[in-house]
Amino acid sequence: MIVRHRVVVLALNGVIPFELGIPSRVFGRAHDTDGNLLYDVQTCTADGRPVRSDADFSVSVDHGPELLAEADTVVIPASYELGPAYDEGRLPADLERALAFVRPGTRYVSICTGSYILAAAGLLDGLRATTHWRNTEHFQRTYPQVRVDPDVLFVDEGHILTSAGVAAGLDLCLHIVRRDHGSDVANRVARRCVVPPWRDGGQAQYIERPIPESTSESTAATREWALHRLGEPLALNRLAAHANMSVRTFTRRFGEEVGTTPNRWLTTRRVDRARQLLETTDLSVDVIAREVGFGTGTSLRQHMGAVLGVPPSAYRRTFRGQAVLASQSSAGSPALSARSRNASTAESMVG
């Protein structure tokens, strides 16, 4: 019997419908190779009654706060009615009572301004976190004990994860699926949702700034070109030359379009490629390091440790082990393989 990971979404008054629907849409589309759902997603409110959305309708739910006691992951989407969590830096009484149901060790996730609730509950003290870029300065003033990162799409602190605004909730939920079950599952979910498995850069690229001087120059073609040459030396002057720009112009344009530096972008893409090879091949760490452009296994270990917090060997044990078990199960049973093919076919037909 498959034991699904229980995700409970806590809907607040003033909830934004788009963010409210993200957990169900992402986690609810995650299947294993046999077509079994990997998550059970349910929604509750702090008192079991309907909540107002920020649109012209209310949201009726089937569960009250007691459902939080069954959660493996609690997700708090954005709301425009955060009350004292926004104005005074304290948790409203009804949410304090509701969160008391949550078991120790439960994973917390916030989407956009849902981070205010986690901060008001003291769950983000001393941790890195993010929220919508328009709120980061206010969030930092209200909760000085939180280390606010205004530039990223999401922050993963292990048992507590926070995202920037709106669509960054999709990025974060896909990241969680990838962390829980590997890239193949997350990529299938992303395709079903018609969104990229990951987005380049952080939310800095979306912050309102004066409109840059009109130009036809773009780094998009060079980024695409570089993705097919990750194993080669890609110095900044080579990238700029491909884009027919000076190094200074290329660096500035790259930052405006992507929200990060070329070197940081390259490192992230190389780590992503290394993750894929660790999950799907038996290549040694040294070979993978050369394939993705890090040169040596030592360099790959350093970069994976900085980006993911784990070395390649530990990452492979976690994700390659799951893939091998799934492959062995399918290979050992013709009927099981047929079900997998049927599930894959059904998946491609359902939105």
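Two strands are taken as paired if DSSP finds at least two bridges between them. Helices (H or I, at least four residues) and strands (E, at least two) are DSSP runs, numbered from the N terminus. The model is predicted, so local features need pLDDT of at least 70 and side-chain atom pairs count only at pLDDT 80 or more, whereas totals for chains, interfaces and linings use all residues. Residues are numbered from 1 along each chain as its sequence is written, and side-chain values use heavy atoms, with hydrogens and water left out.

The protein chain contains 15 helices and ten strands. Of its 351 residues, 47% are buried, where buried means under 20% relative accessible area, exposed over 50%, and partly exposed in between (1.4 Å probe, protein chains only). The accessible surface of the chain comes to about 17,200 Å², and carbon and sulfur atoms hold 51% of that area; accessible areas come from the Shrake-Rupley method with a 1.4 Å probe, and for residues only the protein chains shown count as cover. Among contacts (heavy atoms within 4.5 Å) with a separation of 6 or more, 65% are between residues 24 or more positions apart.

Strand β1 (residues 5–11) has six of its seven residues buried and is therefore largely enclosed by the rest of the structure. Three bridges link β1 to β5, and the two strands run parallel; within this pairing, Val-8 has Val-74 of β5 as its bridge partner. Strand β1 also runs parallel to strand β2 (residues 39–45), to which seven bridges join it. Here Ala-11 is partnered by Thr-45 of β2. Together with helix α1 (residues 17–27), β1 and β2 make a right-handed β-α-β unit. A crossover is right-handed if, with the strands pointing away from the viewer, the path from the first strand over the helix to the second runs clockwise.

Strand β5 (residues 73–76) is in turn joined to β6 by four bridges, again in parallel, with Ile-76 opposite Ser-110 of β6. Strand β6 (residues 107–110) is covered on both faces: Arg-107 and Val-109 are buried on one side, and Tyr-108 and Ser-110 are buried on the other. Three bridges connect β6 to strand β10 (residues 160–163), and these strands run parallel. Tyr-108 has Ile-160 of β10 as its bridge partner.

Helix α12 (residues 285–292) has Val-285, Ile-288, Ala-289 and Val-292 as its buried residues. Seen down the helix axis, these buried residues of α12 fall within an arc of 105 degrees, and so line one face of the helix; the arc is that of the directions from the helix axis to the C-beta atoms. Gly-293 follows α12 and has a positive phi, near 100 degrees.

His-138 lies in helix α5 (residues 136–142) and counts as buried because its relative accessibility is 19%. With residues up to four places away in sequence not counted, His-138 touches Tyr-86 and Tyr-116. The C-alpha atoms of His-138 and Asp-87 are 9.7 Å apart, for residues 51 positions apart in sequence.

No disulfides (pairs of cysteine sulfur atoms within 2.5 Å) are found in a search of the whole structure. Cys-173 is in no disulfide, the nearest cysteine sulfur being that of Cys-193, 9.8 Å away. Cys-173 counts as buried because its relative accessibility is 0%. Cys-44 is likewise buried, at 0% relative accessibility.
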